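Trainee: I would like to go through this model with you, one packing or pairing at a time. Please give the cut-offs as the terms come up.

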Amino acid sequence: MIPELGAAMLFVALALALYGSVAAGVGGRTGRPALVESAQHAALGVFVLVTACLLLLVYAFLTFDFSVRYVAINTNRGTPFYYRITAVWGALEGSIVLWSSMLTIYTLIVILRHRRNARELYPWALSVMLGVLAFFVLVMAVPAPVFERLTPIPPDGRGLNPLLEDSGMITHPVALYLGFTGFTVPFAFAIAALITGRVSDFWITTTRRWTITAWYFLSLGLLIGGWWSYHVLGWGGYWAWDPVENAAFMPWLTGTAFVHSVMIQERRRMLRLWNVALVVMTFSLTLFGTFLTRSGVIASVHAFTQGAIGIFFLSFLSLVLLTALALLAWRWDALGAQGELDSVVSRESVFLLNNVMLVAATFTVFFGTVFPLVSEAVRGVKLSVGMPFFNQVNVPLFLSLIFLMGVGPLIAWRRASADNLRRNFLGPIVVGIVGAALFWTLGVRSALAVISLSLVVFVTATIVVDLLRATRARMRVGESAPRALGGLLLRHNRRYGGFVVHLGVLVVTLGVTGSHAWSVQTETTVHRGEHAELAGYRLRFDGLRASEESNHFKVTGTFTIDGARATGAVLEPAKKFYPQDSSPIAYVDYRLGVMEDLYVVLGDFARDGSQATIKLQVNRMVSWIWLGGLVLTLGTVLSLVPERRRPA
Amino acid sequence: MWRWLIPLSVVPVLAVLAYGFRVDPRAIPSPLVDRPAAAFALTAFDGQAVRLEALRGKVVVVNFWASWCNPACYDEAPVLERGWREYKDRGVVVIGVDIQDTREAALEFMRRFEITFPNAPDPAGKVSVDYGVYGVPETFFVDRQGRIRAKHVGALTDDAFKTSVERLLPGA
């Protein structure tokens, strides 16, 4: 029953989305509001149907309806309630459902917010969004049929990929997809601007909030992905330049470039062409990410080979890129810049440099990711580039970007005078250099760490300098210090929200730097009652115990800390044996701390519990990465607060 | 005119991606191919001994499967059974090795597909380690001299079975 009902709803949704896309386009072209209104109704219908499909799928998972093939493959009777819901998007078909569902929500909000305030662009933007939606519904209906029936109905399902039995799997895909799909909105408005020829700055200002929202969710998705990798995979790291990670990181890079370059257009009427190109690139990269991870053309720990879906995605990607770039070529003359770069030492040029570096980073990540394909196509040899390549190329780029992060917000527009530079940067540079000397005397010997830390100090100093100066200016007119600061943050929330986001990035940078420079690990075999020691921690191995869980068999080791630090705490790393998986899954146990985490992975063990091999890590400052995510959230919220009109 | 080159610039990138469909990133040839097949001695579900050594002189198809491996193992079970019935008189033996499974579920699976060729559990997982089994199903084709001559990953089809077996039979 469910398979047929679901499939039927999908086909109706597909028809509605296609109709809506065409109707909105024709309505926009001929100026017939009735058609646009009809497209809105179609969009509402798609929203209802896709939501119903999502709920239907959740229902099938909760009731173990193994007549749905997707349910049978991704769950079994032992799967706990909580994970039966996350299993909905635990594999390709369901993740497309989630994607579409988010896209319908965005479409609905676009309708609500912009149907009146963006008259000329709106019908075309709606048309583009419904077109993209139609593609995703098509994918759900044909190459990745989520409601495909399974006959005969098996008595039990296969079960979810055990690695996905984690709370991070609730938030990570949701945040990531809110980010991915969110970029559809600025893309749709950019295409609308190209089609209508209204390529001025209206589409940029209209979509500013959307862009920031999408950027934020993408950042959050990446951070939660890192957290999942860190506490589930048991290798003690959070980022491995795996193709799937790169797939999400590339649109983040171009999206970050876009968030910055739009400010140049708003302020100086420059970079129109560039902004359109960036948003096209960002949107295409979100599609490319899905293509990459789901088509099976690149091997990754996450990728699942899937037949026809790759061809669908590549065709759609080609359609998007060729159409968007052809439109861009068509409007070439209108997209010409009005402003000009007055001086190399100016905010425009710093932002430009920031964009060049972000796009350069995107290209290196892109190249590194598709390198196995290129090498096989050109030389017939399977080769891969790994972490060293990505780190060597990207670390200098990222360090330079952090430097620019300090310079950009303070340097003058048009042409910075020597006085402007001295006033803004002399102090922070001195503080940065003093910081570097301090870190060196404190015993930091890694040049990279010293550079990174002193850059963080420099940028923080620029933010403090700016905040102090502005607060003092307000205090001169008689406001108290807290009032002045509060008023500043709220009145100029775009600027100071941006600063807080920058602070968040700095905190993440500290985490990345610290974890690379100071983490230590050891691997050792201990007998019962013996100790493993690392960095001042003493761990006593107390024994093993086995337990039968609802869907797996678990062997847990007990380790008590009795050294100078954290005495009395018990860590219980385990190994989980799932019947559907040939190798056991490590269950990491850890104690998180602000400055360091103690992290234990259970390796081999003797069956009688007399001895066990463990990997012990003390990972430094990793928590700062997650903390940075919180600061990032605060900054984004601040920058999205509706700007208050000043009292006249 | 040159501005129309912008859309064309993405064509090479798209072409490389399209090329990706023609190659399988996981198709790394098994290092076991053309090496002697590791010997094993297992006890079949029906109690009979299954020894690879004893089958020298015959073409042996060693199939690794599990009852939870749905749909691939479900798809190929009838293929194996058909192949076995068709070729058993021409010196071909099909052996099923059931890994990471429970006895009841495995027997139910064999009843369902009316499997008649010998099947044995691999209780310690030793055989699957010797054959470098990465997932199920995987199938190895062993020639009459006891060498692995081909490895098939994923569900077998009638064609794939026939082609691989015919190649190893005399007169081919």
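Trainee: With which handedness does α2(A) pass α6(A)?

Mentor: This is a predicted model, in which local features need pLDDT of at least 70, side-chain atom pairs count only at pLDDT 80 or more, and totals for chains, interfaces and linings use all residues. Residues are numbered from 1 along each chain as its sequence is written, and chains are lettered from A and ligands numbered from 1 in the order in which they are written. A crossing is left-handed if the near helix is turned anticlockwise from the far one by less than a right angle, and right-handed if clockwise. For α2(A) passing α6(A), the crossing is left-handed.

Trainee: How are the axes of α2(A) and α6(A) oriented, roughly parallel or roughly antiparallel?

Mentor: Helices (H or I, at least four residues) and strands (E, at least two) are DSSP runs, numbered from the N terminus; axes are lines fitted to C-alpha atoms, for helices over the stretch in contact, and angles run from 0 to 180 degrees between N-to-C directions. The axes of α2 (residues 33-62) and α6 (residues 122-141) of chain A come within 11 Å and cross at roughly 30°. Angles under 35 degrees count as roughly parallel, over 145 as roughly antiparallel, 65 to 115 as roughly perpendicular and the rest as oblique. That makes α2(A) and α6(A) roughly parallel.

Trainee: Into which classes do the residues of the contact of α2(A) with α6(A) divide?

Mentor: Residues are in contact if their C-beta atoms, placed from the backbone, lie within 7 Å. On α2(A) the contact includes Val36(A), Ala39(A) and Ala43(A), and on α6(A) it includes Leu126(A), Leu130(A) and Val137(A). Ala, Val, Leu, Ile, Met, Phe, Trp, Tyr, Cys and Pro count as nonpolar, Asp, Glu, Lys and Arg as charged, and the others, Gly among them, as polar. The residues of this contact divide into no charged, no polar and 10 nonpolar.

Trainee: How many polar residues does the contact of α2(A) with α5(A) have?

Mentor: α2(A) and α5 (residues 92-114) of chain A pack at about 145°, with axes 9 Å apart, in a left-handed crossing. Among the residues in this contact are Gln40(A) and Thr51(A) of α2(A), and Ser100(A) and Thr104(A) of α5(A). By class there are 10 nonpolar and no charged residues, and the polar ones number 7.

Trainee: Which residue of β6(A) is the bridge partner of Phe553(A)?

Mentor: β4 (residues 553-561) and β6 (residues 574-577) of chain A pair in the antiparallel sense over 4 bridges, and Val555(A) stands opposite Lys575(A). On β3 (residues 537-548) of chain A, which pairs with β4(A) over 9 bridges, Glu548(A) is the residue opposite Phe553(A). In β6(A), the bridge partner of Phe553(A) is Phe577(A).

Trainee: Which helix gives the most to the side of chain B that touches chain A?

Mentor: 20 residues of chain B are in contact with 26 residues of chain A. By class, the chain B side has 14 nonpolar, 4 polar and 2 charged residues. Both α1 (5-8) and α2 (11-19) of chain B supply at least two residues to that side. The most, 5 residues, comes from α2(B).

Trainee: How do β3 and β4 of chain B run, parallel or antiparallel?

Mentor: These strands belong to an open sheet of 5 strands in the order β5-β4-β3-β6-β7 (chain B), with mixed pairing. Val59(B) stands opposite Val92(B) in β4(B). The 7 bridges join β3 (residues 59-65) to β4 (residues 92-98) of chain B, and the two strands run parallel.

Conventions:
Pairing = 2+ DSSP bridges. Contact = placed C-beta atoms within 7 Å.
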